[in-house]
Amino acid sequence: MLRRVMFLKPRDGVTEQQMDGLFRACQEAPRHIPGVVGMQGGKNLIARVPEDAYMVDTLYRDLAAYETYRHHPYHEEALKPLFNRADPRSLVESYDAVFYEPLREEFPQPDMKNLLRRSLIVRIEPGTPPEQTLQWEKHIMEMPRHIPAIRNWAFARVMQTPRPSVWTHAWEMEIQDADAFRQYLDSPFHWGVVDRWFDPEWPMRIVAPRFLHGYYKTPATVLGWR
Amino acid sequence: MFYFLDELTVHPGKVQGFLARYKERYIPGAQARGLTLVGTWVTPPVEVDGEPCTVVAMWSIPSEQAFWTQKHTARNDPAVAAWWKEARASLSRRERRYLNAASFSPLR
């Protein structure tokens with residue numbers, strides 16, 4: 001399975017109703033395009049910059065399915081014009097996307113309803129010793145054991161195909177609500193162990209200061225799509 | 001309350017100069033980000049010729065919310081990165097240790 005996560009910046013003046021139309025077009029994709037398992041998006045409820053305003057998730061059966069998607073008439077005619085800045089119908093000013101296959105994932109609660117689907121896309125600083133990156137990866141993947149608010153989750157190294165990316169890792173989770181996100185933030189394992197790697201004042205920081213971060217509301221699991 | 005310790009090992013003979021710069025260049029900004037300085041110590045208590053000295057600074061943060069706020073502020077403040085880059089010239093080692101209070105700790 002090949003997963004793609006996109007962060008979108010809408011064009012000036014685009015309304016939430018218009019973006020809802022874009023998301024409806026995305027949700028239709030699996031009905032039209034073979035190999036697209038799921039596609040949906042939503043408003044990033046913790047966006048800090050316009051570039052992170054909306055998110056779109058897509059799951060492809062494999063890389064070949066992505067190529068089918070790219071050239072399929074539904075993509076060419078219904079989706080691409082909404083995302084292509086050069087097209088007058090576009091609702092999107094710019095977007096950033098990463099592709100990955102999870103290094104590890106767990107779905108202890110695949111039947112969650114009305115949840116928050118959260119994504120953090122980061123870049124490990126160039127030149128970081130591999131053993132430090134491995135230790136950071138280990139700490140990230142230990143979080144669900146220490147923080148019960150994390151339900152379904154996936155951790156991945158970002159792929160450099162089908163397109164090169166400046167990002168190196170994706171840390172994704174599904175949590176019930178904003179209170180659960182607060183529990184995630186408040187865990188000593190988070191602020192005292194994992195966040196050091198992001199801390200601009202910690203001498204061993206390895207995660208670059210800029211990252212993509214967000215969550216949106218979804219009626220059912222995204223990480224559990226199969 | 002959150003606490004953390006900064007351990008800053010200073011090259012021999014440089015500790016007084018480093019403390020003066022720390023007080024002037026780092027502490028006001030940290031306080032403006034919501035940190036409270038609990039105490040600053042030097043160990044060993046007396047500088048020994050030719051040997052490094054370690055400055056230990058204990059800081060507190062009143063809440064989880066304040067913890068994340070100060071973190072985001074520091075991340076976006078180039079003066080913070082500039083300070084630590086400058087400090088590297090005076091330091092042979094640096095560590096920041098986040099602390100979780102033991103059940104019998106008077107400071108919690």
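This is a predicted model: local features need pLDDT of at least 70, side-chain atom pairs count only at pLDDT 80 or more; totals for chains, interfaces and linings use all residues.
Tutor: Residues are numbered from 1 along each chain as its sequence is written, chains are lettered from A in the order in which they are written, and side-chain values use heavy atoms, with hydrogens and water left out.

Student: Why is the pair K71(B) and D199(A) called a salt bridge?

Tutor: A salt bridge needs a side-chain nitrogen of Lys or Arg within 4 Å of a carboxyl oxygen of Asp or Glu. The closest N and O atoms of K71(B) and D199(A) are 3.9 Å apart, so the pair meets the rule. Across the interface of chain A and chain B the rule finds four salt bridges.

Student: What makes E7(B) buried or exposed?

Tutor: Buried means under 20% relative accessible area, exposed over 50%, and partly exposed in between, with a 1.4 Å probe and protein chains only. E7(B) has 14%, so E7(B) is buried, whereas its salt-bridge partner R93(B), with 38%, is partly exposed.

Student: What do R93(B) and E7(B) tie together?

Tutor: R93(B) lies in strand β4 (residues 91-99) of chain B and E7(B) in strand β1 (residues 2-10) of chain B, so the pair joins parts that are 86 residues apart in sequence. Strands here are DSSP runs (E, at least two residues), numbered from the N terminus.

Notes. Helices (H or I, at least four residues) and strands (E, at least two) are DSSP runs, numbered from the N terminus.
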